[in-house]
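Here is a short briefing on side-chain packing in one model. Please keep the sequence and the 3D view open while reading.

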Amino acid sequence: MANALLYSCSILSAVSFLWYAIDCLTTVRMKLEFERYGLDRYRILTGILQICGVIGLWIGYVVPVIGVLAASGLAIQMVLALCVRIRIKDGLLSSLPAVFYLILNTGLVYLYLQGV
């Protein structure tokens with residue numbers, strides 16, 4: 001059961017971050033969002049780091065320590081995303097995805113560390 005939870009959460013996180021990374025790297029909408037955040041020079045880096053996190057989650061199926069590092073990195077990105085949302089005074093609704101993915105990836109770290 002715990003392995004199924006680990007795999008399901010990993011897939012959810014990986015697919016979501018891959019989608020966001022591609023969006024981040026390719027769309028005008030995300031370019032404008034990063035300008036709104038005051039972080040337009042970090043948009044490409046953010047997308048690349050998210051793709052690295054996705055790859056790390058996939059490798060984590062075989063090498064769990066890589067899964068821990070990947071999920072930790074994605075969780076840290078979500079902490080930073082929350083800080084940005086607070087700094088620019090976005091509302092709770094805008095911040096909920098970052099909260100959700102912070103909890104999800106923190107849970108993945110826990111599951112990997114439990115040796116599931």
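Leaving aside residues up to four places away in sequence, Phe17 touches Gln50, Val54, Leu74, Gln77, Met78, Tyr101 and Asn105. Contact here means heavy atoms within 4.5 Å. The model is predicted: local features need pLDDT of at least 70, side-chain atom pairs count only at pLDDT 80 or more, and totals for chains, interfaces and linings use all residues. Residues are numbered from 1 along each chain as its sequence is written, and side-chain values use heavy atoms, with hydrogens and water left out.

**Nonpolar cores**

- The largest nonpolar core holds 19 residues. Such a core is a set of buried Ala, Val, Leu, Ile, Met, Phe, Trp, Tyr and Cys residues joined through side-chain atoms within 4.5 Å.
- Residues with the most contacts inside this core include Phe17, Met78 and Tyr101.
- Helices H1 (2-26), H3 (43-59), H4 and H5 (92-113) each give two or more residues to this core. Helices are DSSP runs (H or I, at least four residues), numbered from the N terminus.
- H5 supplies the largest share of this core, 7 residues.
- Another core, of 5 residues, lies apart from it; Cys24, Phe34, Tyr37 and Val84 are among its members.

**Aromatic cluster**

- The whole structure has 4 aromatic pairs. Rings of Phe, Tyr and Trp (its six-membered ring) pair if their centres lie within 6.5 Å; planes under 30 degrees apart count as stacked, over 60 as edge-to-face and the rest as tilted.
- Phe17 and Tyr101 pair edge-to-face, at 5.5 Å centre to centre and 70° between the planes.
- Phe17 sits in helix H1 and Tyr101 in helix H5, so their pair ties together parts 84 residues apart in sequence.
- Phe100 and Tyr101 are also edge-to-face, because their ring centres are 4.8 Å apart and their planes stand at 85°.
- Phe17, Phe100 and Tyr101 make up one aromatic cluster.
- Tyr101 is buried at 18% relative accessibility, while Phe100 is partly exposed at 42%. Buried means under 20% relative accessible area, exposed over 50%, and partly exposed in between (1.4 Å probe, protein chains only).

**Gln77**

- Gln77 lies in helix H4 (residues 64-87). Its relative accessible area is 15%, so Gln77 is buried.

**Lys89**

- Lys89 lies in the loop between H4 and H5. Lys89 is exposed, with a relative accessible area of 72%.
- Lys89 is not a glycine, yet has a positive phi of about 65°.
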